[in-house]
Amino acid sequence: MSTASIMEKQQSKGIKMLLVAVLCLGLNWPGMKVGLEIVGPVWMVCLRFLLSLPVLAIFVLFTKKRLPILNRKDRAVVLVVAFFQFILSMGLITLSLQYIPAGTASILIYTTPLWMLLIDTLWYRQKPPSKRLILTGISTIGCAMILFASGEPGAWLPLSGMLLASALWALAIRRVSFHKWQGTVIEAVFWQFTVAGAAMLALALVFEPTPDFVNYAWQDWLLLMYIGPVATGLGFGLMVAAGPKLPPDKIVLISTLTPIVGYVSSVIILNETLLPMVVAGAVLMIAALIVNGLPPSALKKLLGKGQ
């Protein structure tokens, strides 16, 4: 088999893996919204991470023929990401999700390009290119449209919580971008989930009543199994595994389907109201996200100028 055929086969496999991950993570938004009716938000985050650990361990076992190991040189970044992205950010997302539509939340969490621009400009004193400024401005307009359309009395605090969660996520992304992994990324995710799950378990035992797991119906357990092992474990695992098999432009294009799946599935499954201004804002945000993530060569091809 030629090298080109092998690469094509690898890319095809990566696309399939990433599409399944997008579907799992997108459908998780209405899943979490329903799940919050049977378990508190802190318990939700705790169970989401702890229940997904066996799936990630199996990923490592199949690919590395051993159980996950935490490399000493990766410990600091593992703790930083666990704290900012999975404890603080995911905690805020789940708390806010109690009060706002799941579809709106799935779009607002993708305001990370705005926060990345602010971090790079204000903290690292970088001068961003005009393209990035314009596209981030378009994304910000889309975000404002969603906020104004969803900003009913009493909703501004959880909407702000979603934006803060996105900012914390951006901090974690920027920290990871400076790190050269010594171990594998999937092992790092396993340990991040372990740290976050253990921390949220401690908080849940202190601040929330323990769920009556014994009397849960099979539908409740089925939902928790989807949110944990399937959406979080399989979703994140496939996303990480697909990364090395695909070029960045394909990853960007496919990953931006996640908020679309989240919004559409929330409208269909939860009968959430389809607000025209939210749809318009989402289109602006997602379009800006796609264009901002694509390299110039891919943009030319997309616009038909690469012939």
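Visitor: Which residues of H2 are buried?
Guide: This is a predicted model. Helix H2 covers residues 41–50, and nine of its ten residues are buried, so H2 is largely enclosed by the rest of the structure. The buried residues are Pro-41, Val-42, Trp-43, Met-44, Val-45, Cys-46, Leu-47, Arg-48 and Phe-49.

Visitor: How many helices and how many strands are in the chain?
Guide: Read along the sequence, the pattern is α-α-α-α-α-α-α-α-α-α-α-α-α-α. The count is 14 helices and zero strands.

Visitor: What is the radius of gyration of the chain, and what does the globule rule give for 307 residues?
Guide: The C-alpha atoms fill a box of roughly 65 × 55 × 40 Å along the principal axes. The radius of gyration is close to the value of the globule rule, so the chain is as compact as a globular protein of that length. Both values are 19 Å.

Visitor: What share of the contacts with a separation of 6 or more comes from residues 24 or more positions apart?
Guide: Take one pair first. Ala-198 and Leu-50 are 148 residues apart along the chain, yet their C-alpha atoms are separated by 7.7 Å. For contacts, heavy atoms must be within 4.5 Å. Residues 24 or more positions apart account for 88%.

Visitor: How much of the chain counts as buried?
Guide: The cut-off for buried is under 20% relative accessible area. The chain has 307 residues, and the share that counts as buried is 46%.

Visitor: Which residues touch the most other members of the largest nonpolar core?
Guide: In soluble globular proteins, nonpolar side chains tend to be buried together. Here the largest nonpolar core has 67 residues. Ile-93 touches Trp-29, Ile-109, Met-162, Ala-165 and Trp-169, not counting residues up to four places away in sequence. Those touching the most other members are Trp-29, Phe-86, Ile-93, Leu-108, Met-162 and Phe-193.

Visitor: Is Ser-166 buried or exposed?
Guide: Ser-166 sits in helix H8, residues 156–177. Leaving aside neighbours within four places in sequence, Ser-166 is in contact with Leu-108, Ile-109, Thr-111, Thr-112 and Trp-115. At 0% relative accessibility, Ser-166 counts as buried.

Visitor: What does Ala-198 count as at 45% relative accessibility?
Guide: Ala-198 is in helix H9, residues 185–207. Buried means under 20%, exposed means over 50%, and partly exposed lies in between. At 45%, Ala-198 counts as partly exposed.

Visitor: Where does Lys-65 lie?
Guide: Lys-65 is not a glycine, yet has a positive phi of about 60°. Its relative accessible area is 67%, so Lys-65 is exposed. Lys-65 lies in the loop between helix H3 (53–64) and helix H4 (75–97).

Visitor: What is the phi of Asn-271?
Guide: Asn-271 lies in the loop between helix H12 (257–270) and helix H13 (276–293). Asn-271 is exposed, with a relative accessible area of 66%. Phi is positive in this residue other than glycine, near 55°.

Visitor: How far apart are the centres of the positive and negative side chains?
Guide: The chain has 23 positive and 11 negative side chains. The centres of the two sets lie apart by 18 Å.

Terms used
Residues numbered from 1 in each chain as written. Predicted model: local features only at pLDDT ≥ 70, side-chain atom pairs only at ≥ 80, totals over all residues. Heavy atoms only, no water. Helix = DSSP H or I, 4+ residues; strand = E, 2+ residues; numbered from the N terminus. Rg over C-alpha atoms; globule rule 2.2 N^0.38 Å. Buried < 20%, exposed > 50% of the residue type's maximum accessible area, 1.4 Å probe, protein only. Lys, Arg positive; Asp, Glu negative; His and termini not counted. Charge placed at Lys NZ, Arg CZ, Asp CG, Glu CD. Core = buried A, V, L, I, M, F, W, Y, C linked by side-chain atoms within 4.5 Å.
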